[in-house]
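This briefing covers aromatic ring pairs and charges placed over rings. Please look at the structure before reading the points.

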Amino acid sequence: MNSRSLKGIIAILAVIAMYLLPTLLGASPMPGGRALFAVGVPPGLHPEAWLYFSIFIGVVVGLILEPLPAALVSFIGVVAAAFLRVGAIPGHDGGISVKEALTWGLSGFSDSTVWLIFVAFMFAMGYEKTGLGKRIALILVKYLGKNSLGLGYAVALSDCALAPFMPSNTARSGGTLFPIIRNIPAMFGSFPDKEPRKLGAYLVWVALASTCVTSSLFYTGLAPNILAGGILNSNGIAFTWTDWFLTMAPVGIPLLLLVPLLTYFLYPPGLKKAPDAPVWARKELEKMGAMSRRECIMLALAFFALVLWIWGSHLADGTETALIVFMLMPLLGVVSWDDILGNKSAWNVLIWFGTLVTLAEGLNHVGFLAWFAHGSASFVRGYSPEKITLILLVIFFLSHYLFASVTAHVTALLGLFVTTANGIPGVDAHQTALLLAMSLGLMGILTPYGAGPSPIWYGAGYISPKAFWILGFLFGMLYLAFFLVIGVPWMRLLHPTAA
(Lines give C-alpha, C1' and ligand atoms only; values in the text may rest on other atoms or scores of the structure.)
Protein backbone atom coordinates (compact mmCIF):
# COMPACT_ATOMS: atom_id res chain seq x y z
CA MET A 1 0.00 0.00 0.00
CA ASN A 2 1.54 3.34 -1.05
CA SER A 3 1.58 6.47 1.11
CA ARG A 4 -1.18 8.16 -0.91
CA SER A 5 -3.57 5.27 -0.36
CA LEU A 6 -2.71 5.17 3.32
CA LYS A 7 -3.41 8.90 3.65
CA GLY A 8 -6.69 8.46 1.84
CA ILE A 9 -7.78 5.72 4.25
CA ILE A 10 -6.70 7.78 7.27
CA ALA A 11 -8.59 10.80 5.91
CA ILE A 12 -11.77 8.80 5.44
CA LEU A 13 -11.45 7.37 8.95
CA ALA A 14 -10.85 10.87 10.35
CA VAL A 15 -13.87 12.29 8.57
CA ILE A 16 -16.01 9.28 9.58
CA ALA A 17 -14.92 9.87 13.17
CA MET A 18 -16.23 13.41 12.86
CA TYR A 19 -19.62 11.88 12.07
CA LEU A 20 -19.63 8.91 14.45
CA LEU A 21 -18.38 10.69 17.56
CA PRO A 22 -21.25 13.21 17.63
CA THR A 23 -23.68 10.36 16.98
CA LEU A 24 -22.34 8.38 19.93
CA LEU A 25 -22.73 11.52 22.02
CA GLY A 26 -26.37 11.81 20.99
CA ALA A 27 -25.92 14.58 18.38
CA SER A 28 -26.56 14.56 14.65
CA PRO A 29 -23.96 13.16 12.22
CA MET A 30 -21.97 15.46 9.91
CA PRO A 31 -22.32 14.48 6.23
CA GLY A 32 -20.20 16.14 3.57
CA GLY A 33 -16.49 15.51 3.33
CA ARG A 34 -16.58 11.73 3.36
CA ALA A 35 -18.96 11.49 0.38
CA LEU A 36 -17.05 14.16 -1.53
CA PHE A 37 -13.71 12.38 -1.18
CA ALA A 38 -15.26 9.11 -2.36
CA VAL A 39 -16.35 10.70 -5.65
CA GLY A 40 -12.80 10.74 -6.99
CA VAL A 41 -10.23 13.35 -7.94
CA PRO A 42 -11.34 15.80 -10.69
CA PRO A 43 -9.06 16.04 -13.75
CA GLY A 44 -6.19 18.47 -13.34
CA LEU A 45 -6.35 18.59 -9.54
CA HIS A 46 -3.70 17.10 -7.30
CA PRO A 47 -5.09 14.18 -5.21
CA GLU A 48 -3.90 15.76 -1.97
CA ALA A 49 -5.66 19.00 -2.88
CA TRP A 50 -8.91 17.06 -3.36
CA LEU A 51 -8.32 15.28 -0.06
CA TYR A 52 -7.84 18.64 1.64
CA PHE A 53 -10.92 20.12 -0.02
CA SER A 54 -12.94 17.14 1.22
CA ILE A 55 -11.86 17.87 4.78
CA PHE A 56 -12.66 21.56 4.30
CA ILE A 57 -16.18 20.80 3.04
CA GLY A 58 -16.70 18.41 5.95
CA VAL A 59 -15.83 21.26 8.31
CA VAL A 60 -18.17 23.70 6.53
CA VAL A 61 -21.05 21.22 6.76
CA GLY A 62 -20.20 20.77 10.43
CA LEU A 63 -20.35 24.54 10.95
CA ILE A 64 -23.80 24.60 9.37
CA LEU A 65 -25.25 21.66 11.30
CA GLU A 66 -23.18 22.12 14.50
CA PRO A 67 -23.27 18.57 15.92
CA LEU A 68 -20.34 19.90 17.95
CA PRO A 69 -19.43 23.50 18.87
CA ALA A 70 -18.21 25.45 15.83
CA ALA A 71 -14.75 26.07 17.29
CA LEU A 72 -14.29 22.35 17.96
CA VAL A 73 -15.41 21.43 14.43
CA SER A 74 -12.84 23.72 12.79
CA PHE A 75 -10.20 22.64 15.32
CA ILE A 76 -10.77 19.00 14.35
CA GLY A 77 -10.38 19.95 10.69
CA VAL A 78 -7.05 21.68 11.27
CA VAL A 79 -5.68 18.80 13.37
CA ALA A 80 -6.76 16.23 10.76
CA ALA A 81 -5.19 18.20 7.89
CA ALA A 82 -1.97 18.83 9.82
CA PHE A 83 -1.73 15.16 10.85
CA LEU A 84 -2.19 14.09 7.22
CA ARG A 85 0.41 16.69 6.11
CA VAL A 86 -1.90 18.10 3.42
CA GLY A 87 -2.74 21.70 4.36
CA ALA A 88 0.82 22.99 4.09
CA ILE A 89 1.76 21.04 0.95
CA PRO A 90 1.91 23.30 -2.11
CA GLY A 91 0.86 20.60 -4.56
CA HIS A 92 3.52 17.92 -4.15
CA ASP A 93 3.82 14.49 -2.59
CA GLY A 94 5.34 14.04 0.84
CA GLY A 95 8.42 15.81 2.08
CA ILE A 96 6.66 17.92 4.68
CA SER A 97 8.01 17.76 8.21
CA VAL A 98 6.03 17.59 11.43
CA LYS A 99 7.26 21.07 12.35
CA GLU A 100 6.19 22.54 9.00
CA ALA A 101 2.75 20.95 9.30
CA LEU A 102 2.36 22.26 12.84
CA THR A 103 3.54 25.74 11.82
CA TRP A 104 0.88 25.79 9.12
CA GLY A 105 -1.77 24.48 11.53
CA LEU A 106 -1.14 27.34 13.95
CA SER A 107 -0.65 30.05 11.31
CA GLY A 108 -4.19 31.40 11.64
CA PHE A 109 -3.42 32.64 15.14
CA SER A 110 -0.90 35.11 13.70
CA ASP A 111 -3.55 36.70 11.48
CA SER A 112 -4.16 40.32 12.51
CA THR A 113 -7.90 40.16 11.83
CA VAL A 114 -8.27 37.20 14.20
CA TRP A 115 -6.81 39.27 17.04
CA LEU A 116 -8.88 42.32 16.13
CA ILE A 117 -12.00 40.16 16.41
CA PHE A 118 -10.80 38.85 19.77
CA VAL A 119 -10.16 42.36 21.09
CA ALA A 120 -13.61 43.48 19.87
CA PHE A 121 -15.13 41.08 22.41
CA MET A 122 -12.88 42.55 25.11
CA PHE A 123 -14.00 46.06 24.16
CA ALA A 124 -17.60 44.89 24.54
CA MET A 125 -16.78 43.53 27.98
CA GLY A 126 -15.26 46.90 28.94
CA TYR A 127 -18.42 48.71 27.87
CA GLU A 128 -20.48 46.24 29.88
CA LYS A 129 -18.38 46.19 33.05
CA THR A 130 -18.17 49.98 33.30
CA GLY A 131 -21.80 50.60 32.38
CA LEU A 132 -20.80 52.80 29.43
CA GLY A 133 -22.47 50.48 26.93
CA LYS A 134 -25.73 50.57 28.87
CA ARG A 135 -25.60 54.37 29.08
CA ILE A 136 -25.06 54.84 25.33
CA ALA A 137 -27.71 52.25 24.55
CA LEU A 138 -30.19 54.02 26.83
CA ILE A 139 -29.51 57.29 25.01
CA LEU A 140 -30.27 55.59 21.69
CA VAL A 141 -33.46 54.07 23.09
CA LYS A 142 -34.46 57.44 24.52
CA TYR A 143 -34.41 59.09 21.11
CA LEU A 144 -35.03 56.20 18.69
CA GLY A 145 -36.55 53.39 20.74
CA LYS A 146 -40.25 53.80 20.01
CA ASN A 147 -40.03 50.91 17.54
CA SER A 148 -37.51 48.29 16.47
CA LEU A 149 -37.41 49.52 12.88
CA GLY A 150 -36.16 52.90 14.06
CA LEU A 151 -33.38 51.20 16.01
CA GLY A 152 -32.52 49.20 12.91
CA TYR A 153 -32.08 52.34 10.85
CA ALA A 154 -30.00 53.91 13.63
CA VAL A 155 -27.63 50.94 13.45
CA ALA A 156 -27.38 51.03 9.65
CA LEU A 157 -26.85 54.79 9.39
CA SER A 158 -24.28 54.76 12.21
CA ASP A 159 -22.18 52.28 10.25
CA CYS A 160 -22.60 54.35 7.10
CA ALA A 161 -21.41 57.50 8.89
CA LEU A 162 -18.17 55.78 9.96
CA ALA A 163 -17.50 53.74 6.82
CA PRO A 164 -15.81 56.39 4.61
CA PHE A 165 -13.23 57.02 7.32
CA MET A 166 -12.60 53.51 8.70
CA PRO A 167 -11.11 51.02 6.23
CA SER A 168 -11.43 48.21 8.77
CA ASN A 169 -15.03 47.04 8.93
CA THR A 170 -13.98 44.80 11.81
CA ALA A 171 -12.94 47.84 13.82
CA ARG A 172 -15.98 49.80 12.65
CA SER A 173 -18.70 47.22 13.16
CA GLY A 174 -17.08 44.93 15.72
CA GLY A 175 -14.93 47.30 17.72
CA THR A 176 -17.13 50.42 17.69
CA LEU A 177 -20.78 49.45 17.16
CA PHE A 178 -20.93 45.93 18.62
CA PRO A 179 -20.14 46.96 22.24
CA ILE A 180 -23.00 49.47 22.10
CA ILE A 181 -25.62 47.55 20.16
CA ARG A 182 -25.31 44.39 22.24
CA ASN A 183 -26.60 46.33 25.27
CA ILE A 184 -29.90 47.34 23.66
CA PRO A 185 -31.73 43.95 23.42
CA ALA A 186 -31.19 43.19 27.11
CA MET A 187 -33.16 46.30 28.00
CA PHE A 188 -36.18 44.77 26.33
CA GLY A 189 -35.70 41.30 27.82
CA SER A 190 -34.05 39.83 24.72
CA PHE A 191 -31.01 37.63 25.46
CA PRO A 192 -29.12 34.99 23.41
CA ASP A 193 -30.67 32.23 25.53
CA LYS A 194 -34.02 33.90 26.22
CA GLU A 195 -36.25 35.46 23.56
CA PRO A 196 -33.41 36.24 21.12
CA ARG A 197 -35.91 36.95 18.34
CA LYS A 198 -37.69 39.61 20.41
CA LEU A 199 -35.12 42.23 19.35
CA GLY A 200 -31.52 41.00 19.58
CA ALA A 201 -31.48 38.81 16.48
CA TYR A 202 -32.98 41.61 14.37
CA LEU A 203 -30.40 44.21 15.42
CA VAL A 204 -27.51 41.77 15.05
CA TRP A 205 -28.45 40.90 11.48
CA VAL A 206 -29.09 44.53 10.51
CA ALA A 207 -25.65 45.46 11.87
CA LEU A 208 -23.83 42.78 9.88
CA ALA A 209 -25.86 43.22 6.68
CA SER A 210 -25.36 46.99 6.80
CA THR A 211 -21.60 46.87 7.24
CA CYS A 212 -21.30 44.52 4.25
CA VAL A 213 -23.11 47.12 2.12
CA THR A 214 -21.07 50.09 3.35
CA SER A 215 -17.89 48.07 2.83
CA SER A 216 -18.65 48.00 -0.89
CA LEU A 217 -20.22 51.47 -1.11
CA PHE A 218 -16.99 53.28 -0.16
CA TYR A 219 -13.51 52.50 -1.45
CA THR A 220 -12.18 53.30 2.03
CA GLY A 221 -14.91 51.28 3.76
CA LEU A 222 -12.95 48.02 3.58
CA ALA A 223 -9.21 47.45 3.80
CA PRO A 224 -9.20 44.73 1.07
CA ASN A 225 -10.70 47.31 -1.31
CA ILE A 226 -7.41 49.17 -1.12
CA LEU A 227 -5.50 45.94 -1.66
CA ALA A 228 -7.71 45.25 -4.68
CA GLY A 229 -7.02 48.77 -5.94
CA GLY A 230 -3.30 48.00 -5.93
CA ILE A 231 -3.86 44.84 -7.96
CA LEU A 232 -6.00 46.75 -10.46
CA ASN A 233 -3.44 49.55 -10.75
CA SER A 234 -0.72 47.00 -11.46
CA ASN A 235 -2.87 45.79 -14.35
CA GLY A 236 -3.18 49.30 -15.78
CA ILE A 237 -6.68 49.94 -14.39
CA ALA A 238 -6.94 53.35 -12.74
CA PHE A 239 -9.83 54.86 -10.81
CA THR A 240 -10.52 57.42 -8.07
CA TRP A 241 -12.44 57.34 -4.79
CA THR A 242 -15.22 59.29 -6.51
CA ASP A 243 -15.31 56.85 -9.45
CA TRP A 244 -15.83 53.99 -7.00
CA PHE A 245 -18.57 55.76 -5.05
CA LEU A 246 -20.49 56.96 -8.12
CA THR A 247 -20.43 53.46 -9.57
CA MET A 248 -21.59 51.78 -6.37
CA ALA A 249 -24.10 54.41 -5.21
CA PRO A 250 -27.09 53.10 -7.25
CA VAL A 251 -26.50 49.67 -5.69
CA GLY A 252 -25.25 50.51 -2.20
CA ILE A 253 -27.56 53.35 -1.18
CA PRO A 254 -30.84 51.50 -1.97
CA LEU A 255 -29.51 48.35 -0.30
CA LEU A 256 -28.48 50.25 2.82
CA LEU A 257 -31.94 51.79 3.08
CA LEU A 258 -33.62 48.44 2.42
CA VAL A 259 -31.62 46.30 4.88
CA PRO A 260 -33.48 47.28 8.09
CA LEU A 261 -36.84 47.03 6.33
CA LEU A 262 -36.11 43.71 4.59
CA THR A 263 -34.79 42.21 7.81
CA TYR A 264 -37.92 43.48 9.54
CA PHE A 265 -40.06 41.35 7.18
CA LEU A 266 -37.76 38.39 6.46
CA TYR A 267 -36.49 37.93 10.02
CA PRO A 268 -38.95 40.01 12.05
CA PRO A 269 -38.39 41.00 15.66
CA GLY A 270 -41.00 39.91 18.15
CA LEU A 271 -41.08 43.45 19.54
CA LYS A 272 -42.55 45.83 16.95
CA LYS A 273 -43.31 48.92 18.99
CA ALA A 274 -42.46 50.16 22.46
CA PRO A 275 -44.04 53.60 22.85
CA ASP A 276 -43.12 53.77 26.54
CA ALA A 277 -39.48 52.81 25.98
CA PRO A 278 -38.12 56.39 25.58
CA VAL A 279 -39.74 57.44 28.87
CA TRP A 280 -38.36 54.37 30.63
CA ALA A 281 -34.89 55.00 29.14
CA ARG A 282 -34.91 58.59 30.40
CA LYS A 283 -35.74 57.41 33.92
CA GLU A 284 -33.00 54.77 33.80
CA LEU A 285 -30.46 57.39 32.75
CA GLU A 286 -31.50 59.52 35.69
CA LYS A 287 -30.98 56.55 38.01
CA MET A 288 -27.47 55.98 36.62
CA GLY A 289 -26.52 59.54 37.44
CA ALA A 290 -23.28 61.12 36.27
CA MET A 291 -20.65 59.10 34.44
CA SER A 292 -18.28 57.17 36.70
CA ARG A 293 -14.49 57.36 36.53
CA ARG A 294 -14.31 53.93 34.87
CA GLU A 295 -16.89 54.97 32.28
CA CYS A 296 -14.87 58.07 31.47
CA ILE A 297 -11.69 56.02 31.07
CA MET A 298 -13.45 53.51 28.81
CA LEU A 299 -14.91 56.34 26.73
CA ALA A 300 -11.47 57.94 26.40
CA LEU A 301 -9.96 54.62 25.32
CA ALA A 302 -12.75 54.07 22.78
CA PHE A 303 -12.26 57.60 21.43
CA PHE A 304 -8.49 57.03 21.26
CA ALA A 305 -9.01 53.84 19.25
CA LEU A 306 -11.54 55.50 16.95
CA VAL A 307 -9.20 58.41 16.19
CA LEU A 308 -6.30 56.09 15.36
CA TRP A 309 -8.52 53.80 13.29
CA ILE A 310 -9.72 56.76 11.22
CA TRP A 311 -6.68 59.02 10.97
CA GLY A 312 -3.75 57.16 12.52
CA SER A 313 -3.07 54.34 10.06
CA HIS A 314 0.39 55.80 9.42
CA LEU A 315 1.14 55.51 13.15
CA ALA A 316 -0.35 52.12 14.01
CA ASP A 317 -2.11 49.27 12.27
CA GLY A 318 -5.77 48.79 13.20
CA THR A 319 -5.03 45.62 15.14
CA GLU A 320 -2.05 47.22 16.85
CA THR A 321 -4.30 50.06 18.02
CA ALA A 322 -6.82 47.56 19.36
CA LEU A 323 -4.11 45.65 21.23
CA ILE A 324 -2.80 48.87 22.80
CA VAL A 325 -6.27 49.72 24.12
CA PHE A 326 -6.73 46.12 25.24
CA MET A 327 -3.47 46.35 27.19
CA LEU A 328 -4.54 49.62 28.83
CA MET A 329 -7.96 48.35 29.94
CA PRO A 330 -6.67 46.19 32.87
CA LEU A 331 -3.81 48.60 33.63
CA LEU A 332 -6.26 51.48 34.11
CA GLY A 333 -8.76 49.40 36.09
CA VAL A 334 -11.49 49.25 33.45
CA VAL A 335 -11.53 45.45 33.74
CA SER A 336 -9.51 42.91 35.71
CA TRP A 337 -7.30 40.17 34.34
CA ASP A 338 -9.74 37.61 35.74
CA ASP A 339 -12.48 39.30 33.70
CA ILE A 340 -10.35 38.81 30.60
CA LEU A 341 -9.65 35.16 31.39
CA GLY A 342 -13.33 34.56 32.04
CA ASN A 343 -14.56 35.97 28.73
CA LYS A 344 -15.49 32.61 27.19
CA SER A 345 -17.02 34.13 24.05
CA ALA A 346 -13.78 35.90 23.15
CA TRP A 347 -11.58 32.84 23.64
CA ASN A 348 -14.06 30.64 21.80
CA VAL A 349 -14.08 32.94 18.77
CA LEU A 350 -10.28 33.22 18.87
CA ILE A 351 -9.93 29.44 18.53
CA TRP A 352 -12.74 29.13 16.00
CA PHE A 353 -11.65 31.89 13.65
CA GLY A 354 -7.93 31.20 14.09
CA THR A 355 -8.38 27.61 12.94
CA LEU A 356 -10.86 28.60 10.23
CA VAL A 357 -8.45 31.12 8.70
CA THR A 358 -5.83 28.37 8.61
CA LEU A 359 -8.21 25.99 6.86
CA ALA A 360 -9.24 28.57 4.27
CA GLU A 361 -5.63 29.55 3.55
CA GLY A 362 -4.84 25.87 3.05
CA LEU A 363 -7.05 25.80 -0.06
CA ASN A 364 -4.59 28.18 -1.66
CA HIS A 365 -1.52 26.30 -0.41
CA VAL A 366 -2.60 23.00 -1.95
CA GLY A 367 -3.42 24.59 -5.31
CA PHE A 368 -7.18 24.13 -5.15
CA LEU A 369 -8.00 27.80 -5.69
CA ALA A 370 -5.69 28.12 -8.71
CA TRP A 371 -7.30 25.01 -10.22
CA PHE A 372 -10.73 26.46 -9.48
CA ALA A 373 -9.89 29.81 -11.11
CA HIS A 374 -8.43 28.22 -14.24
CA GLY A 375 -11.43 25.92 -14.49
CA SER A 376 -13.72 28.93 -14.26
CA ALA A 377 -11.81 30.61 -17.09
CA SER A 378 -12.21 27.54 -19.30
CA PHE A 379 -15.91 27.37 -18.46
CA VAL A 380 -16.74 30.89 -19.64
CA ARG A 381 -15.02 30.74 -23.03
CA GLY A 382 -17.46 30.59 -25.90
CA TYR A 383 -20.03 32.94 -24.38
CA SER A 384 -20.63 36.53 -25.43
CA PRO A 385 -18.42 39.16 -23.72
CA GLU A 386 -21.39 40.50 -21.73
CA LYS A 387 -22.30 37.03 -20.46
CA ILE A 388 -18.67 36.29 -19.63
CA THR A 389 -18.54 39.35 -17.38
CA LEU A 390 -21.69 38.27 -15.57
CA ILE A 391 -20.49 34.68 -15.20
CA LEU A 392 -17.13 35.79 -13.82
CA LEU A 393 -18.88 38.04 -11.30
CA VAL A 394 -21.18 35.25 -10.12
CA ILE A 395 -18.34 32.72 -9.78
CA PHE A 396 -16.12 35.26 -8.02
CA PHE A 397 -18.94 36.19 -5.61
CA LEU A 398 -20.04 32.65 -4.75
CA SER A 399 -16.47 31.40 -4.36
CA HIS A 400 -16.35 33.44 -1.16
CA TYR A 401 -17.86 30.39 0.55
CA LEU A 402 -14.28 29.04 0.38
CA PHE A 403 -12.69 31.97 2.22
CA ALA A 404 -12.51 33.05 5.84
CA SER A 405 -11.56 36.62 4.97
CA VAL A 406 -12.01 39.08 2.14
CA THR A 407 -8.27 39.76 2.15
CA ALA A 408 -7.56 36.11 1.39
CA HIS A 409 -10.14 36.20 -1.42
CA VAL A 410 -8.48 39.24 -3.00
CA THR A 411 -5.02 37.76 -2.71
CA ALA A 412 -5.95 34.36 -4.11
CA LEU A 413 -8.43 35.11 -6.89
CA LEU A 414 -8.72 38.74 -7.95
CA GLY A 415 -5.50 38.80 -9.99
CA LEU A 416 -6.41 35.50 -11.66
CA PHE A 417 -9.88 36.71 -12.61
CA VAL A 418 -8.56 40.04 -13.92
CA THR A 419 -5.98 38.18 -16.01
CA THR A 420 -8.75 35.91 -17.32
CA ALA A 421 -10.86 38.91 -18.34
CA ASN A 422 -7.83 40.50 -20.04
CA GLY A 423 -7.20 37.36 -22.05
CA ILE A 424 -10.70 36.95 -23.54
CA PRO A 425 -11.31 38.95 -26.74
CA GLY A 426 -14.22 41.38 -26.52
CA VAL A 427 -14.43 41.47 -22.73
CA ASP A 428 -14.05 44.95 -21.23
CA ALA A 429 -11.31 44.16 -18.73
CA HIS A 430 -11.52 47.62 -17.11
CA GLN A 431 -15.21 47.29 -16.33
CA THR A 432 -14.95 43.66 -15.26
CA ALA A 433 -12.01 44.27 -12.94
CA LEU A 434 -13.70 47.21 -11.23
CA LEU A 435 -16.92 45.24 -10.79
CA LEU A 436 -15.03 42.32 -9.27
CA ALA A 437 -13.32 44.63 -6.78
CA MET A 438 -16.53 46.44 -5.88
CA SER A 439 -18.31 43.21 -4.98
CA LEU A 440 -15.86 42.38 -2.18
CA GLY A 441 -17.76 43.95 0.71
CA LEU A 442 -21.13 42.57 -0.35
CA MET A 443 -19.94 38.96 -0.45
CA GLY A 444 -19.01 39.07 3.24
CA ILE A 445 -22.67 38.47 4.10
CA LEU A 446 -22.64 34.88 2.81
CA THR A 447 -21.20 33.01 5.81
CA PRO A 448 -20.53 33.38 9.55
CA TYR A 449 -16.83 33.59 8.68
CA GLY A 450 -16.98 35.58 5.44
CA ALA A 451 -15.80 38.94 6.83
CA GLY A 452 -14.13 40.26 9.95
CA PRO A 453 -17.35 41.39 11.68
CA SER A 454 -19.16 38.12 10.87
CA PRO A 455 -17.77 35.95 13.69
CA ILE A 456 -18.30 38.83 16.12
CA TRP A 457 -22.02 39.15 15.39
CA TYR A 458 -22.36 35.37 15.03
CA GLY A 459 -20.61 34.94 18.37
CA ALA A 460 -23.17 37.20 20.03
CA GLY A 461 -25.38 34.11 20.05
CA TYR A 462 -28.67 35.73 19.04
CA ILE A 463 -28.95 33.97 15.68
CA SER A 464 -28.82 30.17 15.38
CA PRO A 465 -26.28 28.61 12.98
CA LYS A 466 -29.02 27.40 10.64
CA ALA A 467 -30.70 30.80 10.53
CA PHE A 468 -27.36 32.54 10.02
CA TRP A 469 -26.56 30.44 6.95
CA ILE A 470 -30.05 30.81 5.51
CA LEU A 471 -30.08 34.57 6.00
CA GLY A 472 -26.57 34.77 4.55
CA PHE A 473 -27.70 32.96 1.42
CA LEU A 474 -30.91 35.02 1.01
CA PHE A 475 -29.21 38.38 1.51
CA GLY A 476 -26.21 37.26 -0.53
CA MET A 477 -28.45 36.44 -3.48
CA LEU A 478 -30.26 39.76 -3.04
CA TYR A 479 -26.99 41.69 -2.98
CA LEU A 480 -25.73 39.81 -6.02
CA ALA A 481 -28.99 40.42 -7.92
CA PHE A 482 -28.84 44.16 -7.19
CA PHE A 483 -25.21 44.22 -8.25
CA LEU A 484 -25.86 42.42 -11.55
CA VAL A 485 -29.16 44.08 -12.46
CA ILE A 486 -28.27 47.64 -11.44
CA GLY A 487 -24.50 47.82 -10.98
CA VAL A 488 -23.38 46.24 -14.25
CA PRO A 489 -25.61 48.33 -16.58
CA TRP A 490 -24.75 51.48 -14.60
CA MET A 491 -21.03 50.73 -14.95
CA ARG A 492 -21.44 50.41 -18.72
CA LEU A 493 -23.35 53.68 -18.81
CA LEU A 494 -20.66 55.51 -16.83
CA HIS A 495 -17.73 54.01 -18.74
CA PRO A 496 -19.00 53.23 -22.25
CA THR A 497 -15.52 53.32 -23.76
CA ALA A 498 -13.56 51.88 -20.85
CA ALA A 499 -12.17 49.10 -23.02
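The points below go through ring pairs, a ring cluster and charge-over-ring contacts.

This is a predicted model, in which local features need pLDDT of at least 70 and side-chain atom pairs count only at pLDDT 80 or more, while totals for chains, interfaces and linings use all residues. Residues are numbered from 1 along each chain as its sequence is written, and side-chain values use heavy atoms, with hydrogens and water left out.

**Ring pairs**

- The whole structure holds 28 aromatic pairs; rings of Phe, Tyr and Trp (its six-membered ring) pair if their centres lie within 6.5 Å, and planes under 30 degrees apart count as stacked, over 60 as edge-to-face and the rest as tilted.
- Phe 178 and Trp 457 are edge-to-face, because their planes stand at 85°, with ring centres 5.1 Å apart.
- This pair joins helix 9 (residues 169-181), which holds Phe 178, to helix 23 (residues 453-459), which holds Trp 457, across 279 residues; helices are DSSP runs of H or I, at least four residues, numbered from the N terminus.
- Phe 178 is buried at 1% relative accessibility, and Trp 457 is buried at 1% (buried means under 20% relative accessible area, exposed over 50%, partly exposed in between, with a 1.4 Å probe and protein chains only).
- Trp 241 and Phe 245 are stacked, because their planes lie at 15°, with centres 5.8 Å apart.
- Both Trp 241 and Phe 245 belong to helix 13 (residues 241-266), 4 residues apart, about one turn of the helix.
- Trp 241 is partly exposed at 34%, and Phe 245 is partly exposed at 23%.

**Cluster**

- Trp 205, Trp 352, Phe 353, Tyr 458, Phe 468, Phe 475 and Tyr 479 form a cluster linked by ring pairs.

**Charges over rings**

- Arg 197 lies over the face of Tyr 267, 3.8 Å from the ring centre (the cut-offs are NZ of Lys or CZ of Arg within 6 Å of the ring centre and within 35 degrees of the ring normal).
- Lys 272 has its charged end over the ring of Tyr 264, 4.6 Å from the centre.

Conventions: Helix = DSSP H or I, 4+ residues; strand = E, 2+ residues; numbered from the N terminus.
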